[in-house]
Amino acid sequence: KQWYQRRVRANQNDGNKEESSVYVNIKQCDYLVDLDLGVESPLEPRYNTKSGWTSVKSYPFLNAAKSKTIARAFYIPSYSKKHVKFGTYHLLKRTRLIKQQEEERERLIKLQKYQEAKRIKQQHENDEL
């Protein structure tokens, strides 16, 4: 019995090929994963350096094109440090989303303080009776 099923969904492929029909306009995104290899082009901007985005998390990513093959395949202490080059994957969050979340947090804090003050006032009035 086969223990897995292989399905290729519409607008996806199993050949690691670009599928432009699943792209969305960047203005619709609140989060973005950006690979920064230190080079910018009109088709691949470095979003982590642009205003409007804040890096939430980042991870190193081996840049195979800039690293020597032997250094990628085997770790050789002094050699690998010099000849393995890394880029960085960033999980970016839209700045306006961060501002909205901060404003919502402040609103909730104010609401909690108001409710606590109201509860204390009501308890004080009940104690006077």
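Because the model is predicted, local features need pLDDT of at least 70 and side-chain atom pairs count only at pLDDT 80 or more, whereas totals for chains, interfaces and linings use all residues. Residues are numbered from 1 along each chain as its sequence is written, and side-chain values use heavy atoms, with hydrogens and water left out.

**View 1. The largest pocket, around Asp34, Leu35, Leu43, Glu44 and Pro45.** The largest pocket has a volume of about 320 Å³. Of the 14 residues that line this pocket, Asp34, Leu35, Leu43, Glu44 and Pro45 are the closest to its centre. By class, its lining holds 8 nonpolar, 1 polar and 5 charged residues, where Ala, Val, Leu, Ile, Met, Phe, Trp, Tyr, Cys and Pro count as nonpolar, Asp, Glu, Lys and Arg as charged, and the others, Gly among them, as polar. A pocket here is an open set of points on a 1 Å grid over the protein atoms alone, where a 1.4 Å probe fits, with protein on both sides within 12 Å along at least five of seven lines, and lining residues have an atom within 4 Å of a point. Grid points are joined across faces, edges and corners, and the volume is the space filled by probe spheres set on the points.

**View 2. The second largest pocket and its lining.** The volume of the second largest pocket is about 270 Å³. Glu18, Tyr23, Val24, Ile26, Cys29 and Leu32 line this pocket, and they divide into 5 nonpolar, no polar and 1 charged.

View 3. Tyr31, Val33, Leu35, Leu37, Val56, Tyr59, Phe61, Tyr89 and Leu91 make a nonpolar surface patch of about 790 Å². Such a patch consists of residues with over 30% relative accessible area and no salt bridge, the nonpolar side chains (Val, Leu, Ile, Met, Phe, Trp, Tyr) being joined within 5 Å, and the areas come from the Shrake-Rupley method with a 1.4 Å probe, where for residues only the protein chains shown count as cover. Tyr89, one of the patch residues, lies in strand E3 and is partly exposed, with a relative accessible area of 32%. On this scale, buried means under 20% relative accessible area, exposed over 50%, and partly exposed in between, again with a 1.4 Å probe and protein chains only.

**View 4. Salt bridges of Asp36 with Arg46 and of Glu40 with Lys50.** A search of the whole structure finds 4 salt bridges, each defined as a side-chain nitrogen of Lys or Arg within 4 Å of a carboxyl oxygen of Asp or Glu. In the pair of Asp36 and Arg46, the closest N and O atoms are 2.8 Å apart. Asp36 lies in strand E1 and Arg46 in the loop between E1 and E2, so this pair ties together parts that are 10 residues apart in sequence. Asp36 is buried, at a relative accessible area of 9%, whereas Arg46 is partly exposed, at 24%. For Glu40 and Lys50 the closest N and O atoms are 2.6 Å apart, and both residues are in the loop between E1 and E2, 10 residues apart. Glu40 counts as partly exposed at 40% relative accessibility, and Lys50 is likewise partly exposed at 33%.

View 5. Arg107 is partly exposed at 45% relative accessibility, as is Glu104 at 36%.

**View 6. Asn16 and Asp30 in the segment before E1.** Asn16 has a phi near 55°, a positive value in a residue other than glycine, and is exposed, with a relative accessible area of 79%. Asp30 is partly exposed at 28%; Asp30 and Lys93 are 63 residues apart in sequence and 5.9 Å apart in space, C-alpha to C-alpha.

Note on methods. Patch = residues over 30% accessible without salt bridge, like charges linked within 9 Å, V, L, I, M, F, W, Y side chains within 5 Å. Helix = DSSP H or I, 4+ residues; strand = E, 2+ residues; numbered from the N terminus.
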